[in-house]
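Here is a friendly walk through one protein model. Have a look at the fold first, and then we'll go through it piece by piece.

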Amino acid sequence: MKLHNAYTQYVHAMLRFALGMRDVGQPLPNWERIDTKNMVVLLSDKDDVASTATRIAPLCPTLSRQLQLYAKHWRATWAKLLSHSCDSLPPVLFYLLRKARMSR
């Protein structure tokens, strides 16, 4: 859990730096917004309800590779967490929370 969260924080920082991303709720809510073939990302980091501030940002090769590695990591992590099939995928970045222990 600690390793995953640290890795997620690292990728989050890289995204913010490389894309000039503002730190809002979930500027990359899904993987469909990342186009590694054309090396662009669709960002919604200063959006309103009508999505008028959505923009396209260039994706450098280093960040593209890091996102590919992170995707491989989260798929393995997601498979371990879920013993059954899940209809929805997690957002691009997600953190694992430790469940609170019940007192005896």
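## The strands and how they pair

Let's start in the sheet: Asp35 has Val40 of strand 2 as its bridge partner. That pairing belongs to strand 1 and strand 2, which run antiparallel and are joined by 2 bridges; two strands pair if DSSP finds at least two bridges between them. The hairpin they form has 4 residues between the strands, and Met39 takes a positive phi there, near 60°.

Before going further, a word on what you're looking at: this is a predicted model, in which local features need pLDDT of at least 70 and side-chain atom pairs count only at pLDDT 80 or more, while totals for chains, interfaces and linings use all residues. Residues are numbered from 1 along each chain as its sequence is written, and side-chain values use heavy atoms, with hydrogens and water left out.

Val40 has a partner in strand 3 too, namely Pro58. Strand 2 and strand 3 are antiparallel and pair over 4 bridges.

Strand 3 covers residues 55–58, and Ala57 sits in it. Ala57 has a relative accessible area of 4%, so it is buried. Leaving aside neighbours within four places in sequence, Ala57 is in contact (heavy atoms within 4.5 Å) with Leu19, Met39, Val40, Val41 and Leu43. Ile34 is 23 residues away from Ala57 along the chain, and their C-alpha atoms are separated by 9.8 Å.

## The whole chain

Stepping back, the protein chain has 2 helices and 3 strands. Read from the N terminus, the order is α-β-β-β-α. Helices (H or I, at least four residues) and strands (E, at least two) are DSSP runs, numbered from the N terminus.

How much of the chain is buried? Of its 104 residues, 31% are. Taking contacts between residues at least 6 apart in sequence, 50% join residues at least 24 apart. The accessible surface is about 7,500 Å², and carbon and sulfur atoms account for 58% of that. Such areas come from the Shrake-Rupley method with a 1.4 Å probe; for residues, only the protein chains shown count as cover.

## The helices

Helix 1 has 18 residues and reaches 26 Å from its first C-alpha to its last, close to the 26 Å expected at 1.5 Å a residue. (That expected span is 1.5 Å times one less than the number of residues.) Its buried residues include Val11, Met14, Leu15 and Leu19. What do the buried residues of helix 1 pack against? Strand 2, strand 3 and helix 2. After the helix comes Gly20, with a positive phi near 65°.

Over in helix 2 you'll find Gln66. Gln66 counts as buried because its relative accessibility is 11%. Its side chain makes a polar contact with the side chain of Tyr7, at 2.8 Å. A polar contact is a pair of N or O atoms within 3.5 Å; within protein, one must be able to donate a hydrogen and the other to accept it, and residues adjacent in sequence count only if both atoms are side-chain atoms. Neighbours within four places aside, Gln66 is in contact with Tyr7, Tyr10, Val11 and Met14.

## Aromatic pairs

The structure holds 3 aromatic pairs. Rings of Phe, Tyr and Trp (its six-membered ring) pair if their centres lie within 6.5 Å; planes under 30 degrees apart count as stacked, over 60 as edge-to-face and the rest as tilted. Here are two of the pairs.

| Pair | Centre distance | Plane angle | Type |
|---|---|---|---|
| Trp31 and Trp74 | 6.1 Å | 20° | stacked |
| Trp78 and Phe94 | 5.3 Å | 70° | edge-to-face |

Trp31 lies in the loop between helix 1 and strand 1, and Trp74 in helix 2, so their pair ties together parts 43 residues apart in sequence. Trp31 is buried at 18% relative accessibility, and Trp74 is buried at 4%.

Trp78 is partly exposed, at 22% relative accessible area, whereas Phe94 is buried at 8%.

Methods. Buried means under 20% relative accessible area, exposed over 50%, partly exposed in between (1.4 Å probe, protein chains only).
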